[in-house]
Amino acid sequence: MGNTSSMLTQYDIEEVQQHCNNAFSQQEIVSLYERFCQLDRNGGGFVSGEEFLSVPEFAVNPLSQRLLRMLDGLNFKEFVAFLSAFSPRATVQQKIEFIFKVYDSDGNGKVTFNDMLDVLHDLTGQFISEQQSEVDLILEMPLFTDCKQVLTKVLEEAGYNKESLLVMSDFVKILGSSGLKMEVEVPVD
Amino acid sequence: MNSSEGKLKSSSSELDLDRPNIEDYLPSGSSIQEPHGKLRLRDLLDISPALTEAAGAIVDDSFTRCFKSNPPELWNWNVYLFPLWCCGVVFRALVLTIGWIIFLSCFIPVHFLLKGNDNLRKKMERALVELICSFFVASWTGVVKYHGPRPSMRPKQVFVANHTSMIDFIILEQMTAFAVIMQKHPGWVGLLQSTILESVGCIWFNRSEAKDREIVTRKLREHSQGADNNPLLIFPEGTCVNNQYSVMFKKGAFELGCTVCPIAIKYNKIFVDAFWNSRKQSFTMHLLQLMTSWAVVCDVWYLEPQNLRPGETPIEFAERIRDIISVRAGLKKVPWDGYLKYSRPSPKHRERKQQSFAESVLRGLELEEK
């Protein structure tokens, strides 16, 4: 590969920086470019799903398939924009927007009950299964071990229901108050 | 790599072997938020820890770092060094050619004429292999410092070393004729393997075949028990790593019931990056690169032989030896299996994360019921 920074001109760096709203410094963009080229082994100008999955740490992540749908076919500029939500300079609003996008798989600005259920399934795998209820032997009360029931219960407590369509402002209300920690450090040589 | 479902399954069962807890190595902090107290909508919707981990892996990951090679820097492109360098390359090529001539002119007669007298033939072939390795090392202007007592030929002992390039074998072989276990390669290397290396007693394996493991384990055991055989040299990492990190050791070498003698090899990167990046270079190109660089300088430490402690599993044993070698050679340990270069990680890791999140969700619910 050789010196990849020589392929990125100052003009390119500034363009990318503008596109991601100055989320990364110029040095970080150069590092990200080196990383992008390292991942893009066949030199196609974008990193394919296979190439992302060749990173074991990424492949074992429960949300990898969801993220792959968002990452597929991105060129370098879009790749940096994708990662901008993880910059320490990104606002809480930007981070919540990113989380919203992960949920809103059809991109219509509304998160349905099924969208949330899908993500919950990704995170819990087979360990909370469908339609399985056990009985707590001590209290002799039914224990809900079903994703749908868990989600419905928690939604209702928060003032929503199964039919609710959550929008961005709902997400801000729910997640905004918590200290959202979503930062990644870009290694700079 | 195009692998059919069947093949992927078999390799994941390889990786499925119980191994030291990966969580011991990775940065602390669960990847999925563990809700405290009563379960709220916030706890279920906040996927930021999992996302952060994924983004962290995209930006930089410990596995890819193991196989990163430094780009070669041009140091000889000036008036006074260039002619010297040219002379150097010519001289080295000459040394290597002379070495091969001497070797072949001795080896071929010995191999065929002494067919009857096996003992003497083996002794001479061993000495000749050591000789040609010395010539190889000389052709790279190799400066190898050996530390520690030279290995002795005893039955029931195997040698393990960290792996950076196929030249590891040549560097070690010039001191002692080891028998080695290698991946069968195509081309001229394969030819060398089947003719010359046969004489020192080598075992072949094929990474892509699942059943291969059992056959190889059996061969290893047979070889290590034999008193006559050359001491066995194994690279438990199973693949070349860039000499700054060490990947997980495969347990095969550690369950043979033998004493394990660790060897640590460290190359001095100032002179050349000896890491053979098999994805980027063929072995021929790699050798040429070595021959045209300044020098190959490395340290070899023969470390104290270790035995399986009572109550220790072969995997713990392997990790202990990896620790000894990594400390000596200044390598950082990573929890990945080298074969992840060729196949996907086992679903076990993802399942473990999913399980811990599921448990904490259920726990949060329980707190309400009670």
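**Aromatic rings in a predicted model**

Reader: Is Phe107(B) buried or exposed?
Author: In this predicted model, Phe107(B) has a relative accessibility of 6%, so the residue counts as buried, the cut-off being under 20%.

Reader: And where does Phe107(B) lie, along with Phe103(B)?
Author: Both belong to helix H5 of chain B, which covers residues 81-113, and they are four residues apart, about one turn of the helix. Phe103(B) is buried too, at 0% relative accessibility.

Reader: Changing topic, how many aromatic pairs does a search of the whole structure find?
Author: Counted over all chains, there are 22 aromatic pairs. One of them joins Tyr33(A) and Phe76(A) edge-to-face, with 4.9 Å centre to centre and 80° between the planes.

Reader: Which helices hold those two, Tyr33(A) and Phe76(A)?
Author: Tyr33(A) is in helix H2 (residues 26-39) and Phe76(A) in helix H6 (residues 76-83), both of chain A, so that the pair links distant parts of the chain, 43 residues apart. Tyr33(A) is buried at a relative accessible area of 15%, and Phe76(A) is buried at 8%.

Reader: Back to chain B, then: why is the pair of Phe103(B) and Phe107(B) stacked?
Author: Their ring centres are 5.1 Å apart and the planes meet at 20°, and because planes under 30 degrees apart count as stacked, this pair falls in that class.

Reader: Last one: what sits over the ring of Tyr339(B)?
Author: That is the charged end of Lys250(B), placed 3.9 Å from the centre of the Tyr339(B) ring.

Methods:
Residues are numbered from 1 along each chain as its sequence is written. Chains are lettered from A and ligands numbered from 1 in the order in which they are written. This is a predicted model: local features need pLDDT of at least 70, side-chain atom pairs count only at pLDDT 80 or more; totals for chains, interfaces and linings use all residues. Side-chain values use heavy atoms; hydrogens and water are left out. Rings of Phe, Tyr and Trp (its six-membered ring) pair if their centres lie within 6.5 Å; planes under 30 degrees apart count as stacked, over 60 as edge-to-face and the rest as tilted. Buried means under 20% relative accessible area, exposed over 50%, partly exposed in between (1.4 Å probe, protein chains only). A charge sits over a ring if NZ of Lys or CZ of Arg is within 6 Å of the ring centre and within 35 degrees of the ring normal.
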